[in-house]
Amino acid sequence: MKFPAEPFRIKVVEPIKTTTAEQRESLIKEAGYNIFLLPADSIYIDLLTDSGTSAMSDNQWAGLMVGDESYAGSKNYYHFESVVKEIFGYKHIIPTHQGRVAENLLFSTILKPEFVVPNNIHFDTTRANIEYHKAKALDCVIDEAMDTDLEHPFKGNIDIDKLRRIIIDQGPEKIPIIMITITNNSGGGQPVSMANIRQVSELARKYNIPLIFDACRFAENCYFIKEREEGYQNKSVKEIAAELFSYGDGCTMSAKKDGLVNIGGFLAVNDDGLARKITNMLILIEGFPTYGGLAGRDLEAISRGLIEVLDENYLRFRINQTRYLGEMLIQSGIPIIKPVGGHAVYINAKKFLPHIPQSEFPGQAIVVELYRRSGIRAVEIGSLMFAYKDAKTGHTVYPELELVRLAIPRRVYTSMHIQYVAEAVHQIYNERDNICGYKIEYEADFLRHFTARLRPINGNN
Ligand code: P71
């Protein structure tokens, strides 16, 4: 395993407060054993999300100083538009303040009740935005994606037969778009191959259905294509991205990921009529089309971030840093989703804590233990987040996968921080028999994981 050396040096530092075990004990108790309720300055290494948590470069910070805050026609918008067009190749570029607004604009324009939107796996906000319009969000990722131990180079791929069945069964007139999420966040940050995208595109064109990418982590996906797919080793990531997006008709983008910024996003489409409708809606909910809910300086930071994210020295480091964490965990015998994805390592909590049933939140138990022992914040993606009560039977339905996600912010932590994380996980793995489950004391009616309060089931924890 190669130690990934940082392709940047440090010019500004942000001190991290350290806490004692006693302080963390009382903080986590006060937070109802819910890491969403912890003050961020009580955390040593924050792996809650890779979204909006990137460190900007000196060039991006300099870009903030040339922000043109004109209401209409800001020069930063024209720069942003030209950079996005050059990389993504679409005709109309509509800025938004984050990804889910791009989703909202798109879906409120194209969806009717009973419509169906297929995707490899819909991300939560995408699914919620679709279901809000009483339409159906269907996942059609390949079956291999559900086998956490299976090594497959493109576990984000769409199962073409499943997709074809959906189109035939539902009727193409009920499917306003097909989506592909790159990389597939909900399936472990796994990439989609160019061959698969080409096949989906052919099918979509056959039935005259537009193909829209959820492009949040497009650069990471393209780097995996370069690394793993035959015929792409000698192409630049930028060339790979150009080919990939040429198979689609538009994309939604949260620039908080591969835009290397703390806020921002956009929607890009080729269709003139669709763009006009969306732009009118944008004016209603976000702002004038040359700023879309962002300051001019934010647009400048995104333009510069999108250029930097295609730097292959950066991407090599990025992908290898995540892999480095994953491989250290594998070497310690810790069960994780394989292969390691682009932006995060996902621990299989069912295998990590086989003595804790899903009804007692094994994923959350690992998350709490990591904070308590080492000041690290991870996030549970399992029964606390997704279990629900079946309206008919009254029984609780548990998700198939019980995961803990360690998402790595871009350019924020050194490989030494990553080693610290690996050691901390290893330590609690060695003492896993002493970890107990949790019980919910308070929960909201929906999205309960954000505000739930829990209690350990026995005194040891
Ligand atoms: C992540 C996030 C951020 C997040 C969002 C909601 C709840 C918890 C955490 C955001 C994504 C994403 C994909 C594939 C669209 C969005 C929304 N991910 N698509 O993974 O991963 O973007 O946050 O800018 O609105 O922690 P947005």
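Helices, of at least four residues, and strands, of at least two, are DSSP runs numbered from the N terminus. With these assignments, the predicted model places Pro 339 in the loop between helix H12 (312–331) and strand E9 (344–348). The peptide bond that leads from Lys 338 into Pro 339 is cis, with omega near -10°.

A cis peptide bond also joins Ile 182 and Thr 183, where omega is about -20°. Thr 183 lies in the loop that runs between strand E5 (178–181) and H7. The loop between H7 and strand E6 (211–214) holds Asn 208. Although Asn 208 is not a glycine, its phi is positive, at about 60°.

Helix H7 itself (residues 194–206) is paired with helix H9 (residues 237–246): their axes come within 9 Å and cross at roughly 25°. Because angles under 35 degrees count as roughly parallel, H7 is described as roughly parallel to H9. On the H7 side, the contact is made by Met 194, Ile 197, Arg 198 and Arg 205, while H9 contributes Ile 240, Glu 243, Leu 244 and Ser 246. By residue class, this contact of H7 with H9 divides into four nonpolar, one polar and three charged residues.

The ligand is surrounded by 17 residues, of which Thr 49, Arg 100, Ser 254, Lys 257 and Arg 405 are the closest. The shell around the ligand comprises two nonpolar, eight polar and seven charged residues. Helix H4 (residues 99–110) gives the most to this shell, supplying three residues.

For Thr 49, a polar side-chain atom lies 2.6 Å from an oxygen atom of the ligand. In the case of Arg 100, an N or O atom of the side chain is 2.7 Å from a ligand oxygen atom. The side chain of Asn 185 likewise places an N or O atom 2.8 Å from an oxygen atom of the ligand. Of the 560 Å² that the ligand exposes when taken alone, 89% is buried by the protein.

Technical notes:
Residues are numbered from 1 along each chain as its sequence is written. This is a predicted model: local features need pLDDT of at least 70, side-chain atom pairs count only at pLDDT 80 or more; totals for chains, interfaces and linings use all residues. Side-chain values use heavy atoms; hydrogens and water are left out. A residue is near a molecule or strand if one of its heavy atoms lies within 4 Å of it. A polar contact is a pair of N or O atoms within 3.5 Å; within protein, one must be able to donate a hydrogen and the other to accept it, and residues adjacent in sequence count only if both atoms are side-chain atoms. Accessible areas come from the Shrake-Rupley method with a 1.4 Å probe; for residues, only the protein chains shown count as cover. Ala, Val, Leu, Ile, Met, Phe, Trp, Tyr, Cys and Pro count as nonpolar, Asp, Glu, Lys and Arg as charged, and the others, Gly among them, as polar. Axes are lines fitted to C-alpha atoms, for helices over the stretch in contact, and angles run from 0 to 180 degrees between N-to-C directions. Angles under 35 degrees count as roughly parallel, over 145 as roughly antiparallel, 65 to 115 as roughly perpendicular and the rest as oblique. Contact means heavy atoms within 4.5 Å.
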